[in-house]
Amino acid sequence: VRDIVVVGASLAGLRAAESLRRHGHDGTITIVGAEPHEPYDRPPLSKQVLAGTKEAGDVFLGVDPALEAELALSTRAEALDINRRRLTLRGGDELHFDGLVLATGARPRTLPGLSGSHLEGVHLLRTIDDCLRLRAELDGGPRVTVVGAGFIGSEVASTCHRRGLDVTVIEALPVPLERAVGPEMGAVCGRLHTDNGVRLLLGVGVVGLRGSRRVEEVVLENGSSVPADVVVIGVGVAPETDWLAGSGLDLSDGVVCDAWCRALSSGRPVEGVVAAGDVSRWDHPAFGGHIRVEHWTNAVEQGDHAAAVLLAGEEAGRFAPVPYFWSDQYGTKIQFVGRAVPGDEMTVVEGAVGERRWVAAYGHEGRLTAALSFNWPVRIMAYRRMIEEGAEYPPPPAVFPTAPAHEGTER
Ligand SMILES: Cc1cc2nc3c(=O)[nH]c(=O)nc-3n(C[C@H](O)[C@H](O)[C@H](O)COP(=O)(O)OP(=O)(O)OC[C@H]3O[C@@H](n4cnc5c(N)ncnc54)[C@H](O)[C@@H]3O)c2cc1C
C-alpha cells in the first residue's frame, strides 16, 4: 500500500491519517474534503460556538505538518471505481489509490414533503457555515422553534434558551430519545426542557412551514401552528453514500463493512478499502449484527482502527468498542455508554433521578448492556469498562462506592 487516499476531511478522516503515520506508513496520504475548511470539531457547533462563547477559529482540529498529508479541500469525490482503484473528483480529475479510507460522515435529514423549507429563517446544523448563519440570526432575539428533540435539536434549544430566547421544541414521538435511552429515561431527558421553561410539544408532527419570504409559523398535523422567526430542523442524519452509488460497494444505511471495517462488495471485503465514522455500518462482534454509530468517540476510534487494518489486515483485530456519547444541555452533562435495545431492563443504580447526578444501568438476559448518567463523567467510564468485560446485570452493589466519585472533565 503506497498511495492512500482518505475521503472526508473531518474527524474520522484526520484520525485515520494520523494512525497511518503512527503505524509506519511512509507512502503518500491525500485527504480529500468537500468543505472549504480544514478538519474541525462539530460538537461545539450546537454548544459554545452557537452560544458565542467560542469562535469558529477555536474548533479546528489542527493538521500536524509532520503528517505530510496533502489536503485537497473544496474537492468533492463524485465516483469510485474499485476495479481500476480510482476516484473521480468534481471537475473530472481522477485520483489513483492503493488504499482508501471512506470517511464522508453524514448529512442532516429534512422532513420529507415539508412545505416551506426553502423559506428564510429555516436552518439545518451540520457544518461550521450552518452554525455561523444560524448564530447571526439569533443575535436579533428571534422566537426559535426546534423541530426534533434528539440530541442536536435539544442542544440547540438549550443554547438558544441560554441566550435568553423564547424557545419551543416540537417532537413527533410521544417520548423524546426513546430509541436511544428507553421510554423512562427519554422522559427524564425531555423534562430538562420543561424544567428550564422551554415549551416541549410531544407526539405531534410538523406538516409545513408558512411565511411569505421568511418563515412566520410552523404548522402542526393537528391543525394548530406555532409562531416562529427562526426554525431549526434537527431530525437526524443520513450517511453520505450517494456518491458511491454504482461503485459496487454494499450500501445500506451506510457503507456496509465487516468486523475489520473493510468495505464489502456483494458480501466480500474489497482489498484495501475501509470505512470509518458516521458513514460506516460495520459488523460489531458484540452486538450480533451491523451497527452505525453517529458519535464523536466512534469517529476517533474507528478512524484509528480502520487505518491500522489497511496496513496490517486482520492482525489489527476486529473493531469492537463499547459505544459512548455525551450531550450538554441546560448545564447537565448527559453521557451514555453501550447500546440499549427496546425491551432491555433498566434501573437507577447510583444516586437518584431528581438529584443532580445519577447513573442508570440497562441489562438484557443478565448482562449489562448500557448505562446512562447525568453529571458523573468519571463513573460512566467505569460502566464502559464493565460492559467491555461482560459484567452482569444488575451490577453487584459492591462495585458502587457510596462516597461520591471525583468529578473530572472527561469528555
Ligand atoms: C452540531 C453537532 C453537535 C454534535 N455533538 C456531539 C456530541 O456532543 N457528542 C458526540 O458524541 N457527538 C456529537 N456530534 C457528532 C460528531 O460530531 C460526529 O459523530 C462526527 O463529526 C463524525 O465524524 P466523521 O468524520 O465520521 O464525519 P463528519 O464529521 O460528518 O465529516 C465528514 C466530512 O466528509 C465530507 N464529505 C462528504 N462527502 C464527501 C465527498 N463525496 N467528497 C469529499 N468529502 C466529502 C463532509 O463535507 C465532511 O466534512 C455532533 C455533531 C454535530 C453536527
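The structure is a predicted model, in which local features need pLDDT of at least 70 and side-chain atom pairs count only at pLDDT 80 or more, while totals for chains, interfaces and linings use all residues. Residues are numbered from 1 along each chain as its sequence is written, and side-chain values use heavy atoms, with hydrogens and water left out.

The protein chain has eight helices and 27 strands, assigned as DSSP runs (helices H or I, at least four residues; strands E, at least two) and numbered from the N terminus. The radius of gyration of the protein chain, 22 Å, is close to the 22 Å given by the globule rule for 411 residues, so the chain is as compact as a globular protein of that length; the radius is taken over C-alpha atoms, and the rule is 2.2 Å times the number of residues to the power 0.38. Of the 411 residues, 54% count as buried, a term that means under 20% relative accessible area with a 1.4 Å probe, protein chains only.

Just after α4, Gly164 takes a positive phi of about 85°.

With a disulfide defined as a pair of cysteine sulfur atoms within 2.5 Å, the count comes to zero. Cys160 is in no disulfide, the nearest cysteine sulfur, that of Cys131, being 10 Å away. Cys257 is buried, with a relative accessible area of 0%, and its sulfur lies 6.4 Å from the closest cysteine sulfur, in Cys261, too far for a bond.

Definitions and conventions. Buried < 20%, exposed > 50% of the residue type's maximum accessible area, 1.4 Å probe, protein only.
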